[in-house]
Amino acid sequence: MTQGTRTSTALTRRWSAELMAFLFPAETDNWLTALRIGLGLQVAVYALFLKSDWHYLFASTGSGLVNRVLGEAITSFDSPLIPTLGWLVAVGGYLNIGEDAVLSIAWACLLCMGLLLLGGLFSRPAAIIGWFLHLCAAESGGLFAYGADNFMTTGLFYLMLSPLPDRYSLDYRLLKVQLGSQQLLGFWRRVLQVHMCFVYFAGGLAKALGSGWWDGSNLWRSLTRPPFNLVSPDILVRFKYGLPILGISICLIELGYPFFIWIRKTRFFWLVCILAIHAAIGLAMGLYLFALVMIVLNVAAFGIGDPSLTGVRRPPPQGSVRALQVG
Amino acid sequence: MISKHIHAIWFVVHFFLVAAVCFAGIFSLIAQGSTVLPSVIDKSARKAELIAAFALGKEAPASNPIRQAIATYLHAAGIQAGYSFFAPNVPAYHKLTLELFYADGRVEYESPHVTGKAAALRLDSLLDRLADERYEPLREVVVKMLALSIWRARPDVKKIRATFGAVSPPGIGDFEGGQRESFRPIFSYDFSLREREKQ
């Protein structure tokens with residue numbers, strides 16, 4: 001073996017070990033508690049918000065707003081394997097249950113899954129069923145979908161794969177279900193953390209490429225555009241010199257998120273800024289579901305404890321490879 | 001250890017897909033010329049978008065099982081769309097006005113509506129989609145369904161004229177100067193309901 005080959009092999013091993021150390025830090029389940037409770041609340045609120053329009057949005061018969069079958073047909077262009085409410089209606093058909101009843105059952109089940117997640121009872125089945133039902137609704141109503149739906153699907157997807165239950169759940173307290181390994185908890189938190197970095201970097205980059213985020217005009221347009229125009233334009237005009245500063249700040253906070261959120265000294269500040277942006281979006285634009293899911297994902301990813309502090313330091317793996325320092 | 005390696009491989013594949021979706025969206029914005037970047041790079045951005053689309057299997061025939069598997073996974077994980085909300089610029093919003101013609105000559109104006117605010121947000125999302133050229137083949141059928149939802153509540157209506165258009169709110173300076181939003185019609189349809197009434 002040549003010197004060069006030995007060096008590259010050693011480097012590959014080192015990188016591999018560093019990657020594994022980064023991916024599998026020992027972690028407590030506090031973040032998972034936050035994610036479970038937050039998404040449980042999100043699912044319950046989603047179901048309650050849509051209660052009065054559920055059948056109107058998802059009916060395929062004459063009583064609906066836009067025939068559900070149309071949305072499902074669009075989804076099936078991507079892949080016929082993507083679950084939709086049509087699947088549930090078809091199953092209901094075999095059992096002689098009508099479409100209206102199936103839709104009502106699906107809605108009630110979704111609400112129940114949200115409540116079960118809130119309490120942490122049957123956490124994993126609740127997460128799986130909640131994810132599936134929400135995915136069915138989001139895909140059937142694809143024409144009506146917006147950003148909050150994708151983040152809910154992603155959050156529930158990660159939640160159902162995470163090592164549930166957590167120590168604050170009823171599963172653990174009442175049913176004495178065993179807790180997951182600390183390294184798997186660390187892995188799934190890393191997944192959520194890296195995902196949030198992608199979200200903000202892509203969002204920040206796309207915004208930074210538009211001139212309107214640098215001169216404040218996009219912020220003005222966002223806040224005066226129905227149905228997001230909860231704040232009167234007359235009030236906004238008073239703060240017109242602040243809009244460019246706010247617009248630039250949003251770009252910089254989003255673009256800087258994947259860098260500064262990992263640095264211990266800037267993490268708290270960055271997290272507070274991001275949470276403030278989402279809280280403001282929720283309150284000033286009426287995007288309550290979107291704001292809630294983003295706050296939940298951020299708090300679970302970076303807000304509960306300090307990832308670099310709560311991660312229990314392990315001895316370095318054989319070969320004295322330095323564990324990747326985060327923050 | 002095997003379990004860790006499986007997790008690590010999944011992690012790499014998963015975030016490769018997330019990155020491909022995110023950058024396909026950004027390259028698409030650049031290729032459309034809707035960013036502040038010089039138009040010289042539009043072609044390169046188009047190529048980069050195609051490469052990202054290839055990585056996502058979108059260049060394969062719709063029946064290709066790999067393409068379908070990737071699409072199913074993307075939807076299941078909620079990562080089928082990028083994160084460029086309100087970017088690079090905030091677009092105009094859209095309005096669908098339904099002109100209801102009654103047999104006695106009366107004319108009323110109405111818009112599709114839902115009960116809750118959460119669903120209203122979704123209805124606006126649908127209208128914004130209709131303006132997108134990709135949804136052009138669906139416009140008539142969707143507008144017809146929306147018109148039908150209004151007609152169900154008013155069965156004595158004989159004809160509905162649906163006008164869809166973009167509403168551009170004024171800029172700050174224009175607003176201060178007293179200017180208000182402007183409506184630009186994009187398309188309109190006339191739906192006669194007489195046949196349906198006879199049935």
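This is a predicted model: local features need pLDDT of at least 70, side-chain atom pairs count only at pLDDT 80 or more; totals for chains, interfaces and linings use all residues.
N218(A), L219(A) and W220(A) in helix 11 of chain A meet L243(A), L246(A) and G247(A) in helix 13 of chain A. Sort the residues of this contact by class and you get four nonpolar, two polar and no charged. How do the two helices sit against each other? Their axes come within 7 Å and cross at roughly 95 degrees. Angles of 65 to 115 degrees count as roughly perpendicular, so that is the word for helix 11 of chain A and helix 13 of chain A.

Now step back and take in chain A. Its secondary structure is 16 helices and zero strands. Laid along its principal axes, the C-alpha trace of chain A spans about 75 × 55 × 45 Å. Chain A has 327 residues, and 47% of them count as buried. Take the contacts in chain A between residues at least 6 apart in sequence: 72% of these join residues at least 24 apart.

In helix 5 of chain A, which covers residues 85–94, the buried residues are L85(A), G86(A), L88(A) and V89(A). Look down the axis of helix 5 of chain A and these buried residues fall within an arc of 160 degrees, so they line one face of the helix. A90(A), V91(A) and Y94(A), on the other side of helix 5 of chain A, are exposed. What covers the buried residues? For helix 5 of chain A, the cover includes helix 3, helix 4, helix 6 and helix 7 of chain A. After helix 5 of chain A comes N96(A), with a positive phi near 60 degrees.

Helix 4 of chain A is next. Here R68(A), G71(A), E72(A), T75(A) and D78(A) are buried. They take up an arc of only 95 degrees around the axis, which puts them on the same side of helix 4 of chain A. What do the buried residues of helix 4 of chain A pack against? Helix 3, helix 5 and helix 7 of chain A are there, together with helix 3 of chain B, residues 65–77.

That brings us to the other chain. Chain B has seven helices and four strands, and from the N terminus on its elements run α-α-α-β-β-α-α-β-α-β-α. The radius of gyration of chain B is 23 Å, well over the 16 Å that the globule rule gives for 199 residues, so chain B is more spread out than a compact globule. Along the principal axes, the C-alpha atoms of chain B fill a box of roughly 75 × 50 × 30 Å. Of its 199 residues, 28% count as buried. Among contacts in chain B between residues at least 6 apart in sequence, 60% link residues at least 24 apart.

Finally, let's see how the chains meet. There are 61 residues of chain A in contact with 58 residues of chain B. Several helices of chain A each supply at least two residues of the side that touches chain B, among them helix 1, helix 4, helix 7 and helix 11. Which helix gives the largest share of that side of chain A? That is helix 10 of chain A, with 11 residues. By class, the side of chain A that touches chain B has 36 nonpolar, 18 polar and seven charged residues.

Note on methods. Residues are numbered from 1 along each chain as its sequence is written. Chains are lettered from A and ligands numbered from 1 in the order in which they are written. Two residues are in contact if their C-beta atoms, placed from the backbone, lie within 7 Å. Ala, Val, Leu, Ile, Met, Phe, Trp, Tyr, Cys and Pro count as nonpolar, Asp, Glu, Lys and Arg as charged, and the others, Gly among them, as polar. A residue is buried if 20 or more other C-beta atoms lie within 10 Å of its own, exposed if 12 or fewer, and partly exposed in between; C-beta atoms are placed from the backbone. Axes are lines fitted to C-alpha atoms, for helices over the stretch in contact, and angles run from 0 to 180 degrees between N-to-C directions. Angles under 35 degrees count as roughly parallel, over 145 as roughly antiparallel, 65 to 115 as roughly perpendicular and the rest as oblique. The radius of gyration is taken over C-alpha atoms; the globule rule is 2.2 Å times the number of residues to the power 0.38. The arc is that of the directions from the helix axis to the C-beta atoms.
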